[in-house]
Amino acid sequence: MAEAATKEMENLKIAPPAAKGTAKRDALRENEIAVQKRWEEEKAFEVDPSDDKDKENFMVTFPYPYSNGHLHIGHAFSLTKAMFRAQYERHQGKQVLFPFAFHCTGMPIQAVGTR
């Protein structure tokens with residue numbers, strides 16, 4: 001069995017390296033622009049709590065990372081928890097407000113959000 005695997009490895013052909021350039025980046029950028037345009041047209045992330053009184057409101061905030069240190073994995077971990085919760089609550093039928101970086105120790109913003 002090991003000899004057969006070794007024989008296969010001897011005949012292994014490695015694909016040529018991908019072409020250099022900006023084609024992949026450009027394609028990703030085009031896709032990003034198209035998706036953002038669609039979000040704007042559909043107002044996918046806009047919410048007005050006064051629109052539907054039957055729906056429960058939910059708000060979550062996330063602060064900008066402080067500039068007195070380097071970005072690290074903890075920033076991404078904290079952000080993804082907030083993003084996950086916001087999307088989860090949207091799927092539960094709630095009107096979700098996720099104002100990125102409108103965070104001032106949480107309490108003043110929370111007080112406004114619960115009004």
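Among contacts in the protein chain between residues at least 6 apart in sequence, 68% join residues at least 24 apart; contact here means heavy atoms within 4.5 Å. Before I go on, this is a predicted model, where local features need pLDDT of at least 70, side-chain atom pairs count only at pLDDT 80 or more, and totals for chains, interfaces and linings use all residues. Residues are numbered from 1 along each chain as its sequence is written, and side-chain values use heavy atoms, with hydrogens and water left out.

Now the layout. The protein chain has four helices and two strands, in the order α-α-β-α-β-α from the N terminus. These are DSSP runs numbered from the N terminus: helices are H or I with at least four residues, strands are E with at least two.

Next, the surface. Of the 115 residues in the protein chain, 10% are buried. Buried means under 20% relative accessible area, exposed over 50%, and partly exposed in between, with a 1.4 Å probe and protein chains only. The protein chain exposes about 10400 Å², and carbon and sulfur atoms supply 59% of that; the areas come from the Shrake-Rupley method with a 1.4 Å probe, and for residues only the protein chains shown count as cover.

Last, the aromatics. Rings of Phe, Tyr and Trp (its six-membered ring) pair if their centres lie within 6.5 Å; planes under 30 degrees apart count as stacked, over 60 as edge-to-face and the rest as tilted. That rule gives one aromatic pair. F84 and Y88 form it, stacked, at 6.5 Å centre to centre with 15° between the planes. Both lie in helix α3 (residues 73–91), four residues apart, about one turn of the helix. F84 is exposed at 61% relative accessible area, while Y88 is partly exposed at 41%.
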